[in-house]
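Here is a short tour of the charged side-chain pairs in this model, with a closer look at one helix along the way. Keep the structure open beside the text as you read.

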Amino acid sequence: MTRSAASVLGIVPSALSEIVRQIEEGLGAPLFDRSSRPGGDHPLGHAFWPETAPLVEGMDRALTRLRQNAGLVHGTLAIGASPSAISDLVVPMLKGFLTDHPGIHCLVHDDIAERLAEMVAEGALDLALAGRVRVSPDLIQREIGTDPVGLACAADHPLAARPQVTLQDLPPDQMIALDPRTGSQRLLEKCPAIPRALLAPRLRAHSTIAQLSMIPAGLGIGLLPRNAVLLFRDLTIRFLPIAGLDLCRHLFLLQPARRPPSVAAAAFIARIG
């Protein structure tokens with residue numbers, strides 16, 4: 001019995017026996033009945049345990065909080081995010097998080113969703129906020145929001161004066177598409193309502209940021225989630241709803257499935273809700 005209890009407590013049996021001896025010496029009475037093998041509770045000891053159990057549980061909770069607070073005094077947090085998730089989601093949460101935990105150092109890494117997922121699974125990132133990625137036993141994906149897809153065009157483009165457009169209004173020769181590996185482009189290609197001619201233009205961009213740089217320069221127009229278009233609050237770019245297109249990008253919290261979150265990561269995730 002002593003050996004099993006010592007194993008649970010993480011100490012050697014001799015140390016536990018000495019602790020019990022000192023307690024019994026202070027009480028002037030035994031806590032265990034040692035007249036038989038294996039030994040059992042003495043009536044005094046049996047009455048002692050219910051009274052001390054709340055104290056032990058309280059100490060465990062206090063030590064857990066102490067360890068958590070210690071982990072939030074000094075530490076690091078690596079967050080991945082799709083570019084369009086940074087301004088509306090990551091920035092507001094990160095601002096409050098850094099204020100509450102001044103000892104934490106943070107890295108924000110923006111990339112396409114699949115690359116972010118790889119980095120989370122590999123341990124390079126603690127978590128990521130991005131579009132849906134391929135199902136993997138190394139990842140947990142939890143949906144945290146949606147973002148409607150519409151048209152991004154320059155503020156001086158002929159279509160910009162309209163309150164909304166249709167897919168038939170979009171000239172294929174003016175389209176700027178994204179890299180096929182990006183979550184937004186895969187979402188568009190899986191939508192049967194979108195004409196294929198709009199998805200295979202001459203001009204492609206590796207990232208949303210590159211695409212948004214091309215649009216106000218007059219190089220073309222693009223199909224993008226609303227938050228992506230509003231990423232920089234650029235008044236030279238307009239977002240227009242597309243009538244008849246019921247398509248949204250779903251945003252997910254990506255976490256590693258094979259390791260628990262760090263204390264800092266758990267605290268940040270709690271802000272997401």
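There are 11 salt bridges in the structure, a salt bridge being a side-chain nitrogen of Lys or Arg within 4 Å of a carboxyl oxygen of Asp or Glu. The model is predicted, so local features need pLDDT of at least 70 and side-chain atom pairs count only at pLDDT 80 or more, while totals for chains, interfaces and linings use all residues. Residues are numbered from 1 along each chain as its sequence is written, and side-chain values use heavy atoms, with hydrogens and water left out.

Three of these pairs are set out below.

| Pair | N to O distance |
|---|---|
| Glu 25 and Arg 21 | 2.6 Å |
| Arg 233 and Asp 88 | 2.9 Å |
| Arg 134 and Glu 114 | 3.5 Å |

Let's begin within a single helix. Arg 21 and Glu 25 both belong to helix α2 (residues 13-27), where four residues, about one turn of the helix, separate them. Helices (H or I, at least four residues) and strands (E, at least two) are DSSP runs, numbered from the N terminus. An α-helix has 3.6 residues a turn, so residues three or four places apart point the same way. Glu 25 is exposed at 58% relative accessible area, and Arg 21 is partly exposed at 39%. Here buried means under 20% relative accessible area, exposed over 50%, and partly exposed in between, using a 1.4 Å probe and protein chains only.

The salt bridge between Arg 233 and Asp 88 links distant parts of the chain, 145 residues apart: Arg 233 sits in the loop between α8 (226-229) and β10 (237-240), and Asp 88 in helix α4 (residues 83-100). Arg 233 is exposed, with 53% relative accessibility, whereas Asp 88 is partly exposed, with 30%.

Now for Arg 134 and Glu 114, whose side chains also meet in a salt bridge. Arg 134 is in the loop between β5 (127-131) and β6 (139-154) and Glu 114 is in helix α5 (residues 113-122), so the pair ties together parts 20 residues apart in sequence. Arg 134 is exposed at 57%, but Glu 114 is buried at 10%. Through shared partners, salt bridges join Glu 114, Arg 134 and Arg 186 into one network.

Just after α5, Gly 123 has a positive phi of about 95 degrees.
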